Amino acid sequence: METVLTGLATGFSVALDPFNLFLVLAGCFAGTLIGALPGLGPINGVAILLPIAYGLGFSPESALILLAGIYYGAEYGGRISSILLNVPGDAGAVMTTLDGNPMARAGEAGRALSLSAVASFVGGTFAVILLSLFAPVLAAFAVTFSPADYVALMVFAFASLASLVGKSTVKTLLGATIGLMLATIGIDANTGVPRYTFGIPDFLAGIDFLIVVVGLFGMAELLTLVEHQVSGKLNSLPVDKSFVRLADLAKCKWAIARASVIGFFIGVLPGTGASVASAVAYGTEKRISDTEKTFGTGDPRGLVAPEAANNAAAGGAMVPMLTLGIPGSGTTAILLGALLMFNIQPGPTLFSQRPEVAWGLVASMYIGNVALLVINLPLVGLFARMLTIPQHYLTPLIAILAFIGIYTIVGNPHDLFLITLLGIFGWFLRKLDFSLAPVILGFVLGSLFENNLRRALSISGGDWGYLIADYKSVTLYVLAALIVIAPIWLARRARLMEGDNPLDQG
Amino acid sequence: MVDRIFAGVLLVVSLAYAVIAFTTIKAPFQYDPLGPESWPQILSLVAIACLLVILWKPDATEMGVARATWFRLGATIVMLLAYAELYEPLGFILSTILFGAALCSMLGAGMARSVTFGVAAGIAGYLLCVTLLDLNLPEGELIEWLLEPAPQSEGTS
C-alpha cells in the first residue's frame with residue numbers, strides 16, 4: 001500500500017506538471033475527436049499520431065501520457081458515432097450501437113450520450129484504481145520470473161489471443177506468426193548474424209516499428225475507408241437537451257459495476273481488449289437483467305454495460321503492458337512499441353527503475369478520466385458535429401498525416417512506398433477476416449519471445465525439459481491449454497443444448 | 001477461393017523463409033544451443049502448418065468488392081504511390097495540394113471544394129508542422145526559391 005501511495009505521489013508530481021497536464025487534456029480531446037469520427041478507432045488514431053508524437057521530441061513520459069490520452073479518449077469518443085450514427089468507430093464500440101442508437105432514435109440522444117459518458121467514467125476510473133493497486137504487486141511477483149517462465153507467459157498470451165480474438169483461431173495464430181516472422185528481419189542481437197536482410201542496409205536494424213504500425217493500421221484503414229466510401233454526409237441524429245437523470249444512474253448502477261469488473265479482467269488478459277470485453281459485458285448483462293426483453297430497444301442498462309466495459313478494458317490492458325512487458329491489446333502493443341523506441345524496456349522493473357514513466361502514466365489516467373467527463377458532458381454537441389465531416393476530407397487527411405509522421409521520423413522517401421505496400425497487405429488481411437492486432441503483438445513481442453527461449457535453453461544447456469521445470473511455467477501452460485479448450489467445449493455444449501431443446505430458439 | 005490464393009501466395013513466401021532458415025542462416029560459432037537459425041525454423045513450421053489448414057478449409061470465398069470499388073482502390077493506391085514519388089521533388093506543399101485535391105475529388109467532392117481542401121491542407125499543414133511543431137518536411141526546390149525572401153521580411157517587421 002505504501003509503495004502505491006508514494007508511487008502515486010511521484011506520478012501526480014509528473015502528471016500535474018503544467019506541460020504534461022496540457023498534454024493529457026490535448027490527448028483526451030484529440031482522442032475523443034478521433035473516436036467520434038466514424039470508422040476511426042483508438043488503434044488507428046494512435047497508429048497515425050504515434051510518429052508525430054515521437055517526432056516532437058518530448059520526454060518519454062510526456063509522449064506516453066499524450067498517446068495514452070488519445071487511446072482512452074478514443075475509447076470514450078467511440079460511443080458518439082455508435083449512438084448518433086449507428087456506425088461504430090471500431091470493434092469495441094459495436095455493442096454500444098445495440099441500445100444506444102435506439103435511445104437516440106427515440107429522441108433521447110442527449111440522455112444516452114451523458115449516461116454513457118458517466119458509465120465510461122466509472123469504468124475507466126475503476127480500472128485505473130485497480131491498475132494502481134495491482135500493478136506494483138504483479139510487478140513485484142513478475143521480477144521472480146525466469147526466462148522459462150517468460151516463454152510460458154508468451155505461449156499463454158498467444159493462446160488467449162488465438163482463442164478469444166478474431167473469427168478464426170488459425171488465422172489469428174497465423175497473424176501472430178507473421179508478426180513474429182517480420183520481427184526476425186535484421187541482425188540477430190545474440191550472434192550478429194544478419195537474417196533476411198538480403199544485403200539491403202536499411203533492413204540491418206530490422207523493419208522500423210513505426211513503418212509497420214502506420215502501414216498496417218493507418219494506411220490499411222485508409223483503404224478500408226475508400227472501399228466503404230459513402231458520398232455526401234452521413235445522417236446524424238440530433239443531440240437534444242435531454243440529460244442523464246439520477247433515476248437512470250440508480251437503475252444502472254449494478255450494470256455499470258458488473259461491466260467494469262468484467263471489462264477490467266478481460267482487459268488484463270493478454271491480447272484481448274475492448275471488443276471482447278464489451279461483447280462479454282453486454283452478453284452477461286442481458287442474461288442477468290433482461291427480464292422484460294427490453295435489451296436492443298434502447299434499454300439504458302444495455303448501453304452502459306459495453307461502455308463501462310470497454311473503458312475498463314482500456315485501463316486493464318495497461319496492467320500486463322506495464323508490469324510484464326506484454327501488451328493487453330492491439331493498442332497497448334503500439335504503446336509498448338512507443339516505449340521501446342524511447343529505449344525503455346517495459347517489464348517488472350519499470351515501476352522501480354522508471355517510476356516517473358510508469359506512475360506518471362497512471363496518474364495521468366486519473367486526470368484524463370476526470371477531464372474526459374468534464375469535456376464530454378458540455379461539449380458533446382461539438383463532437384457530434386464532427387460526425388458530419390464528409391469522408392472525402394477525412395480520407396486524404398489520414399494519408400497526409402501518415403506521410404508527415406513517417407517522413408519526419410525516418411526522413412527517407414522509400415519508407416513512404418513501404419507504408420503504402422504494407423497498407424495494401426493489411427487491407428487484404430482485414431478483408432480476409434484476419435485481425436491485425438495479433439500481427440502487431442507478434443511483431444512487438446518477437447525479440448522478447450525469442451531471446452527468452454534462447455536464454456532459457458542456454459541456462460539448461462539445450463535441455464527442453466527446463467521449460468516445464470517450474471511450477472509457474474507449468475501453471476501458465478495449463479492456463480493456456482484451458483483458454484484454448486474452454487471456448488470450444490462451451491460451444492459444443494451450447495450446440496448440444498440447442499439440439500436438445502429446439503423450442504428455446506423461439 | 002480468395003482465401004486459397006492469398007494463402008497460396010503466403011505459403012510460397014513462408015517456404016522461401018523456411019528454406020533460408022534451414023540452409024542459409026548459420027552462426028560462425030555456436031553461442032547458445034539454439035543459435036540464430038532455430039527460431040525462424042520454428043516460426044516457418046508454424047506458419048506453414050497454419051497455411052495448410054487454411055488451404056484445406058478456406059472460409060472466405062468472395063472478396064465482396066464491386067468492380068467500381070476495385071477501380072477506386074486502385075486509383076487510391078496509384079495516387080499514394082505518386083504522392084510518395086513526388087514528396088521530395090515537389091516538396092510537401094505542392095505534392096499535398098495535388099494529392100489532396102485529386103483524392104478528394106475522386107471521393108466525390110466538387111472540383112472547387114477539392115482544390116480548396118488541397119490548398120488548405122498543404123499550406124496549413126506545412127505552417128503547422130514546420131513553424132509550430134518544428135517538424136522536418138521537404139520544402140521542394142520551387143518552394144525553397146519562393147520562400148527565400150521570407151525570413152528577411154520577417155526580420156524587418
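These legends describe close-up views of a predicted model.

**View 1. The interface between chain A and chain B.**
The contact draws 60 residues from chain A and 64 residues from chain B. About 5,600 Å² is buried between chain A and chain B. Carbon and sulfur atoms give 80% of that area. In chain A, the residues that lose the most area to chain B are Met181(A), Tyr196(A) and Tyr407(A). Together they account for 12% of what the side of chain A buries. The size of an interface is often given in this way, as the accessible area lost when the parts come together.

One salt bridge is found across the interface of chain A and chain B. Its partners are Asp3(B) and Lys171(A). Their closest N and O atoms are 3.1 Å apart. Eight residue pairs are in polar contact between chain A and chain B. Which elements give two or more residues to the side of chain A that touches chain B? They are α3 (42–55), α7 (169–183), α8 (209–227), α16 (391–410), α17 (413–431) and α18 (437–460) of chain A. The largest share comes from α16(A), with twelve residues. By type, this side of chain A divides into 37 nonpolar, 16 polar and seven charged residues.

Over all chains, the count comes to 13 salt bridges. One of them joins Glu285(A) to Arg258(A), with the closest N and O atoms 3.0 Å apart. Glu285(A) lies in helix α10 (residues 274–289) and Arg258(A) in helix α9 (residues 246–268), so the pair ties together parts that are 27 residues apart in sequence. Are the two partners buried or exposed? Glu285(A) is buried, because its relative accessible area is 1%, under the 20% cut-off. Arg258(A) has 29% relative accessibility, so it counts as partly exposed.

**View 2. A buried pair, Asp299(A) and Arg301(A).**
Asp299(A) and Arg301(A) form a salt bridge. The closest N and O atoms are 3.0 Å apart. Both Asp299(A) and Arg301(A) are buried.

Glu450(A) and Arg454(A) meet through their side chains in a salt bridge, at 2.8 Å from N to O. Both residues lie in helix α18 of chain A. They are four residues apart, about one turn of the helix. An α-helix has 3.6 residues a turn, so residues three or four places apart point the same way. Glu450(A) counts as buried at 5% relative accessibility. Arg454(A) is buried too, at 1%. Salt bridges with shared partners join Asp188(A), Arg195(A), Glu450(A) and Arg454(A) into one network.

**View 3. Thr97(A) in helix α5.**
Helix α5 of chain A covers residues 94–142 and includes Thr97(A). Thr97(A) counts as buried, at 10% relative accessibility. What does the side chain of Thr97(A) reach? It reaches the backbone oxygen of Val94(A), at 2.5 Å. Leaving aside neighbours within four places in sequence, Thr97(A) is in contact with Ser82(A), Asn86(A), Pro88(A) and Pro102(A).

Helix α13(A) has twelve residues, 330–341. At 1.5 Å a residue, it should span 16 Å. The end C-alpha atoms are 17 Å apart, which agrees. Why is α13(A) described as largely enclosed by the rest of the structure? Because eleven of its twelve residues are buried. Among the buried residues are Gly330(A), Ile334(A), Leu335(A), Leu336(A) and Met341(A). The cover over the buried residues includes α3, α4 (60–85), α8, α12 (318–323), α15 (355–386) and α18 of chain A. Just after α13(A), Asn343(A) takes a positive phi of about 65°.

**View 4. Pro320(A) in helix α12.**
Pro320(A) is found in helix α12 of chain A. Pro320(A) is buried, with a relative accessible area of 3%. Pro320(A) and Leu138(A) are 182 residues apart in sequence. In space, their C-alpha atoms are 8.7 Å apart. Leaving aside neighbours within four places in sequence, Pro320(A) is in contact with Val268(A), Gly325(A), Ile326(A), Pro327(A) and Gly328(A).

Technical notes. Residues are numbered from 1 along each chain as its sequence is written. Chains are lettered from A and ligands numbered from 1 in the order in which they are written. This is a predicted model: local features need pLDDT of at least 70, side-chain atom pairs count only at pLDDT 80 or more; totals for chains, interfaces and linings use all residues. Side-chain values use heavy atoms; hydrogens and water are left out. Contact means heavy atoms within 4.5 Å. Buried area is the accessible area (1.4 Å probe) that two parts lose on being put together, summed over both. A salt bridge is a side-chain nitrogen of Lys or Arg within 4 Å of a carboxyl oxygen of Asp or Glu. A polar contact is a pair of N or O atoms within 3.5 Å; within protein, one must be able to donate a hydrogen and the other to accept it, and residues adjacent in sequence count only if both atoms are side-chain atoms. Ala, Val, Leu, Ile, Met, Phe, Trp, Tyr, Cys and Pro count as nonpolar, Asp, Glu, Lys and Arg as charged, and the others, Gly among them, as polar. Buried means under 20% relative accessible area, exposed over 50%, partly exposed in between (1.4 Å probe, protein chains only). The expected span of a helix is 1.5 Å times one less than its number of residues.
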